[in-house]
Amino acid sequence: MNQPITKSCLSEAQSHLIELFHRQPFCRIEGLRVRNGEPLFTPPPKVIQKLRMGSDNGPRSESSLPDFWLKRQMIELLETIAELGDGEIRSIDVQHGLPLMVEIERRPIFDLGCAHE
């Protein structure tokens with residue numbers, strides 16, 4: 001996904017995730033499950049809305065467009081989800097409708113091939 005991508009190129013689940021970000025441009029999403037590299041919405045993740053006082057907290061303008069180019073942050077998130085394969089994203093911090101920080105719990109990988117004497 002290193003080349004430019006439009007929303008129309010995405011799967012239904014990926015499009016649904018982007019629409020969620022655009023409807024809640026300042027939020028934290030918790031407990032997003034991933035299966036086969038795709039976001040799942042059953043059960044739905046928890047969405048904690050953040051309101052910026054003195055600012056426009058409404059949906060992003062892209063939410064009304066049928067298609068648009070994805071920004072780099074969104075492409076990186078979709079790549080992260082694809083690489084995860086199966087699992088759960090603990091949280092995604094969203095600002096201005098774009099993913100800013102992602103927390104994924106991973107088990108440490110140890111190299112058991114080395115024997116210490």
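## The overall plan

Going along the sequence, the protein shows the pattern α-β-β-β-α-β-β. That comes to two helices and five strands. Please keep in mind that this is a predicted model.

The protein has 117 residues, and 32% of them count as buried. Now consider contacts between residues at least 6 apart in sequence: 65% of these join residues at least 24 apart.

## The nonpolar core

In soluble globular proteins, nonpolar side chains tend to be buried together. Here, the largest nonpolar core has 22 residues. Which of its members touch the most other members? They are I18, F21, I29, L70, I81, I89 and I92.

Helix 2 supplies the largest share, with six residues.

Setting aside its neighbours within four places in sequence, I92 is in contact with F21, C27, R28, I29, L32, L77, P99, M101 and V102.

## Where the two helices meet

How do helix 1 and helix 2 cross? Their axes come within 12 Å and cross at roughly 135 degrees. This angle makes helix 1 oblique to helix 2. The crossing of the two helices is right-handed.

From helix 1, Q14, L17, I18 and F21 meet M74, L77, L78 and I81 of helix 2. Sorted by class, this contact has seven nonpolar residues, one polar residue and no charged ones.

## A closer look at F26

Next, find F26, which lies in the loop between helix 1 and strand 1. Is F26 buried or exposed? F26 is buried, because its relative accessible area is 8% and the cut-off for buried is under 20%.

F26 also shows how residues separated along the chain can meet in space. F26 and V94 are 68 residues apart in sequence, yet their C-alpha atoms are 5.4 Å apart. Not counting residues up to four places away in sequence, F26 touches I48, Q49, K50, R52, D56, N57, V94, Q95 and H96.

Methods:
Residues numbered from 1 in each chain as written. Predicted model: local features only at pLDDT ≥ 70, side-chain atom pairs only at ≥ 80, totals over all residues. Heavy atoms only, no water. Core = buried A, V, L, I, M, F, W, Y, C linked by side-chain atoms within 4.5 Å. Buried < 20%, exposed > 50% of the residue type's maximum accessible area, 1.4 Å probe, protein only. Helix = DSSP H or I, 4+ residues; strand = E, 2+ residues; numbered from the N terminus. Contact = heavy atoms within 4.5 Å. Axes fitted to C-alpha atoms, helices over the stretch in contact; angles between N-to-C directions. Parallel < 35°, antiparallel > 145°, perpendicular 65-115°, else oblique. Left-handed = near helix turned anticlockwise from the far one by under 90°. Nonpolar A, V, L, I, M, F, W, Y, C, P; charged D, E, K, R; others polar.
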